[in-house]
Amino acid sequence: MSLLVPLYVHPAEDPGAWHRLIRSASRTYGVVLNPASGPGAGPDPAFTAVAEALRAAGARLLGYVDTDYGTRDAAEVADEVRRHREWYAADGCFLDRVTAAADGLPACRKLVRSARRLGAGTVVLNPGVHPAPGYARIADLTVTFEGHWSTYVSAFSRPAWTARQPDERFCHLVYGVPEALVPLAVRTACARGAAVCGPVTGEQPNPWAGLTPALTGTER
């Protein structure tokens, strides 16, 4: 099981969390860099420093880009992918709020192709739900669940088409997990066909502000 870590907190605000993440970099699938709901208006020295340290520790860096469910201009999305590459040497991109509908697939495919032309070696799509089947074929990893632990336990269902794809292509991001149940969340994701996960104990509005105990070594 690999962990996808969207640590949405500034390094100056919580340097300890970033230092722990750097020490645990080998246990991650990737780390999402999100300086300002995207790359920001200019390079952030604090993020430049942690990006360099994470890269040296062997982490894959993914630049956060919001697609606003396919409503953002494709050129704006591409420009943010480019800035993540140029400013933080991101290895790939994390395309957030991707539409899940079949009619949005052609536009999303174009975004992915554009990102790859800009040097994104890894493309992660986050519709947060199971999308139309074609989405999983155009990305390296697709987040097919993003939500609260209570929903994950009570209302998760897995479409039959996902069984025809490798588990390594799917990720579940679950927040609000009781700390004692983080190991169970990891095992549950694996049992549900997601070889990548990101269980965190945090709650809204920013559950990703802290590190998961699974990353920091409290799992059993």
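Welcome: the lining of the largest cavity is made of eight nonpolar, three polar and no charged residues (Ala, Val, Leu, Ile, Met, Phe, Trp, Tyr, Cys and Pro count as nonpolar, Asp, Glu, Lys and Arg as charged, the others, Gly among them, as polar). This is a predicted model, in which local features need pLDDT of at least 70 and side-chain atom pairs pLDDT 80 or more, while totals for chains, interfaces and linings use all residues. Residues are numbered from 1 along each chain as its sequence is written, and side-chain values use heavy atoms, leaving out hydrogens and water.

**Stop 1: the cavity.** Select L4, V5, P6, L7, G198, P199, V200, W208, G210, L211 and T212, which line the largest cavity. β1 (2-5) and β8 (196-199) are the elements that give two or more residues to this lining. The space inside is about 60 Å³, and the structure holds one cavity of 30 Å³ or more. Here a cavity is a set of points on a 1 Å grid over the protein atoms alone where a 1.4 Å probe fits but cannot get out; lining residues have an atom within 4 Å of a point. Points are joined across faces, edges and corners, and the volume is the space filled by probe spheres set on them.

**Stop 2: a cis bond.** Go to the loop between β8 and α8 (213-216), where P205 lies. The peptide bond from Q204 to P205 is cis, with omega near 15°.

**Stop 3: helix α3.** Now select residues 74-88. Helices (H or I, at least four residues) and strands (E, at least two) are DSSP runs, numbered from the N terminus.

Colour V77, A78, E80, V81, R83, H84 and Y88, which are buried (under 20% relative accessible area; exposed is over 50%, partly exposed in between, with a 1.4 Å probe and protein chains only). The buried residues of α3 pack against β2 (28-33), α2 (45-56), β3 (61-66), β4 (92-96) and α4 (105-117).

Stop 4: Most residues other than glycine have a negative phi. Just after α3, A89 has a positive phi of about 50°, and A89 is partly exposed because its relative accessibility is 34%. In the loop between β4 and α4, R97 also has a positive phi of about 50°.

Methods:
Contact = heavy atoms within 4.5 Å. 1 Å grid on protein atoms, 1.4 Å probe; cavity = no way out; pocket = protein on both sides within 12 Å on 5 of 7 lines; lining within 4 Å.
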